[in-house]
Amino acid sequence: ILVRQALPSKDEDEPTGDEEEPKPAADEDEPEPPAPAKDKARDKTRDARTADARTVDADVKSRARLLWPDMRVADSDDACAVKRMALRAASNDADLERTMTAALRGSTLDACDCLTLDAAFVATSEVARLKRNRDSVNGLTRATARDFGKATTPADINRANEEFYAKRGTK
């Protein structure tokens with residue numbers, strides 16, 4: 001703690017032995033200690049994250065796979081390019097196409113900037129996630145109590161599979 005002393009008057013030019021001389025502040029005499037090594041490492045990782053902000057991260061990968069399940073994405077791929085490819089693949093679904101068109105707000109997929117593209121990508125992937133969850137829930141809620149408790153043979157399973165795929169039109 002630095003205590004300020006009153007300036008001596010003209011009569012008190014010579015210091016008496018009672019008073020201590022004021023100590024200079026620590027930053028005037030001593031140089032500032034160097035930053036710890038881990039702060040430098042943290043700065044390097046922060047710089048790397050900002051430099052690689054345009055590359056793909058785990059969130060972009062998972063959202064892209066919601067829109068295009070067979071899509072292969074590398075960490076070094078450009079995020080905007082991956083988002084455009086995933087949205088093009090998702091445009092085959094009418095619900096996802098409407099969501100993407102609304103999020104692009106009149107812009108085309110090729111002409112929009114990355115910020116608008118990101119908004120469309122997130123909105124469309126969330127709709128795809130909800131749609132996938134709804135399909136799973138509908139399949140689970142169709143089961144009734146009568147379905148449980150009776151013996152199921154492999155022939156019963158095969159017949160149920162044939163009926164299921166016949167309704168979808170593919171086998």
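Select K61 and its surroundings. K61 touches V56, V73, A74 and D75, leaving aside residues up to four places away in sequence; contact here means heavy atoms within 4.5 Å. K61 sits in helix α3. Helices (H or I, at least four residues) and strands (E, at least two) are DSSP runs, numbered from the N terminus. At 18% relative accessibility, K61 counts as buried. Buried means under 20% relative accessible area, exposed over 50%, and partly exposed in between (1.4 Å probe, protein chains only).

A word on the model: it is predicted, so local features need pLDDT of at least 70 and side-chain atom pairs count only at pLDDT 80 or more, while totals for chains, interfaces and linings use all residues. Residues are numbered from 1 along each chain as its sequence is written, and side-chain values use heavy atoms, with hydrogens and water left out.

**The core**

Next, select L67, V82, L87 and F121. These residues have the most contacts inside the largest nonpolar core, which has 22 residues. Such a core is a set of buried Ala, Val, Leu, Ile, Met, Phe, Trp, Tyr and Cys residues joined through side-chain atoms within 4.5 Å. Colour α3 (58–67), α4, α5 and α6: these elements give two or more residues to this core. α4 gives the most, with five residues.

Centre on F121. Which residues does F121 touch, not counting those up to four places away in sequence? They are V60, R63, A64, L67, K83, A86 and L87.

**Helix α5**

Move to α5 (residues 94–104). Show its buried residues: L96, T99, M100, A103 and L104. Look down the axis of α5: the buried residues fall within an arc of 130°, so they line one face of the helix. The arc is that of the directions from the helix axis to the C-beta atoms. An α-helix has 3.6 residues a turn, so residues three or four places apart point the same way. Now turn to the face directed away from the buried side: it carries the exposed residues R98 and A102.

Go to the start of α5. A side-chain oxygen of D93 reaches to within 3.1 Å of the backbone nitrogen of D95. D95 itself is in α5 and is partly exposed, at 28% relative accessibility. The side chains of D95 and R98 are joined by a polar contact of 2.3 Å. A polar contact is a pair of N or O atoms within 3.5 Å; within protein, one must be able to donate a hydrogen and the other to accept it, and residues adjacent in sequence count only if both atoms are side-chain atoms.

Step past the end of α5 to R105, in the loop between α5 and α6. R105 is not a glycine, yet its phi is positive, about 50°. Most residues other than glycine have a negative phi. Is R105 buried or exposed? R105 is exposed, with a relative accessible area of 70%.

**The cysteines**

C80 and C114 form a disulfide, with their sulfur atoms 1.9 Å apart; the cut-off is a pair of cysteine sulfur atoms within 2.5 Å. The pair links distant parts of the chain, 34 residues apart: C80 is in α4 (residues 79–90) and C114 in α6 (residues 114–141). C80 is buried, at 10% relative accessibility, whereas C114 is partly exposed, at 27%.

C112 is buried, at 5% relative accessibility.
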